[in-house]
Number of protein chains: 2
Amino acid sequence: MGFGDARTEWILRLCAIICLVLTVFLMGFDKETTQIFGVDKTASFRSLGALKVIMFVDSIAAAYNILQLAKCWISAHPKPPFQLQTHFHLPLFWLSFFIDQAGAYLTFAANTAGMEAAFVAVRGNQEFQWMKLCNRFHRYCYQAAGAFLCGYAAVLTMLLISFLSAFNLFRHYSPNHFLRLKPNNN
Amino acid sequence: MGFGDARTEWILRLCAIICLVLTVFLMGFDKETTQIFGVDKTASFRSLGALKVIMFVDSIAAAYNILQLAKCWISAHPKPPFQLQTHFHLPLFWLSFFIDQAGAYLTFAANTAGMEAAFVAVRGNQEFQWMKLCNRFHRYCYQAAGAFLCGYAAVLTMLLISFLSAFNLFRHYSPNHFLRLKPNNN
């Protein structure tokens, strides 16, 4: 792997970690209590299954990216036993390709499912008599919107990371033969 | 492009089209009317924004895959003027890489957002007083579940297609230099 894309990957993963941690904190510390029909109701991420899923997925994605950052740091300071052949690295490339893809898809899906639930909360649903909630939980909804914004920024960086890891994997294969490695590494 | 992966792509795109069309039809013709609190309520895909989005996204994805199938068919029967160099094809590979990625992400997100709305419909939300609906719309909910199943099958095939198009693009690049084409095509 060249110097250029190693540094790109490092920067992207750092951005992803910052956005993911911000999302988790904004979502986790978001709480508001209001009276609805004379009963105290508290809105927090525990109220909606979709928000719990976001907290879970984003935390795991952040932990995974921290691990990858550590790997980048080790391979940027290689000691002689770490300088291995490309063909030895290939299973590692496949592994990080699959996990990066899964990470991008899962964070995107979790965020979008959360947004869908949030839309119901903002606009309500007349036909099904699901009531609007954001006219009662103002501050909660603004903070949640900030969390979604950070969440989508994280999704964008993880999307770019997944492109980069696909690139780092598939560039080792021959352009003319299906799933055959290139004979000479140029 | 070799024979093996052209045929793989053809089969995958055909599967994706079948699943997408099935999803759209199952969702589109799903309708049920029941009395809730003495008022006639009709459940259809028009009742929920998320289901309208699924209909829209899945229709466009199916149309795009039909176009790509036509392209596969043309490039499988090449007449002399169509036999072009790889370097000429590269912008086409980049284009189909981006559209395939977008297709996979959008269908996945649309399906997942729809599922989230469906979960609210199945289980309700005690805290926010959103009521359960699937105990009133039995047949509707079973057919919608079938539509989601087909939708996820379509997402899976589009995911595989997006891997294949990433492979077809990035295999043309050098493994040692960032974003540089390989000097000799082996």
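This is a predicted model: local features need pLDDT of at least 70, side-chain atom pairs count only at pLDDT 80 or more; totals for chains, interfaces and linings use all residues.
**Conventions.** I number residues from 1 along each chain as its sequence is written, with chains lettered from A and ligands numbered from 1 in the order in which they are written. Local features need pLDDT of at least 70 and side-chain atom pairs count only at pLDDT 80 or more, while totals for chains, interfaces and linings use all residues; side-chain values use heavy atoms, with hydrogens and water left out.

**Confidence.** I looked up the scores of the complex and noted an ipTM of 0.75 and a pTM of 0.80.

**Interface of chains A and B.** I found 51 residues of chain B in contact (heavy atoms within 4.5 Å) with 51 residues of chain A. The two chains bury about 5,000 Å² between them (accessible area, 1.4 Å probe, lost on being put together, summed over both). Carbon and sulfur atoms account for 66% of that area. I looked for salt bridges (a side-chain nitrogen of Lys or Arg within 4 Å of a carboxyl oxygen of Asp or Glu) across this interface and got zero.

On the chain B side, strand E2 (39-44), helix H3 (86-123) and helix H4 (138-170) each give two or more residues (helices are DSSP runs of H or I, at least four residues; strands of E, at least two). H3(B) provides the largest share, 13 residues. By class I noted 29 nonpolar, 16 polar and six charged residues on this side.

**Salt bridges.** Over all chains, the search of the whole structure finds four. One I looked up joins A:Arg13 to A:Glu9, with the closest N and O atoms 3.1 Å apart. These residues are about one helical turn apart because they stand four residues apart in helix H1 (residues 3-28) of chain A.

**B:Gln143.** I placed this residue in helix H4 of chain B. Leaving out residues up to four places away in sequence, B:Gln143 touches B:Leu26, B:Phe29 and B:Asp30. A polar atom of the B:Gln143 side chain lies 2.9 Å from the backbone oxygen of B:Leu26.

Note on methods:
Ala, Val, Leu, Ile, Met, Phe, Trp, Tyr, Cys and Pro count as nonpolar, Asp, Glu, Lys and Arg as charged, and the others, Gly among them, as polar. A polar contact is a pair of N or O atoms within 3.5 Å; within protein, one must be able to donate a hydrogen and the other to accept it, and residues adjacent in sequence count only if both atoms are side-chain atoms.
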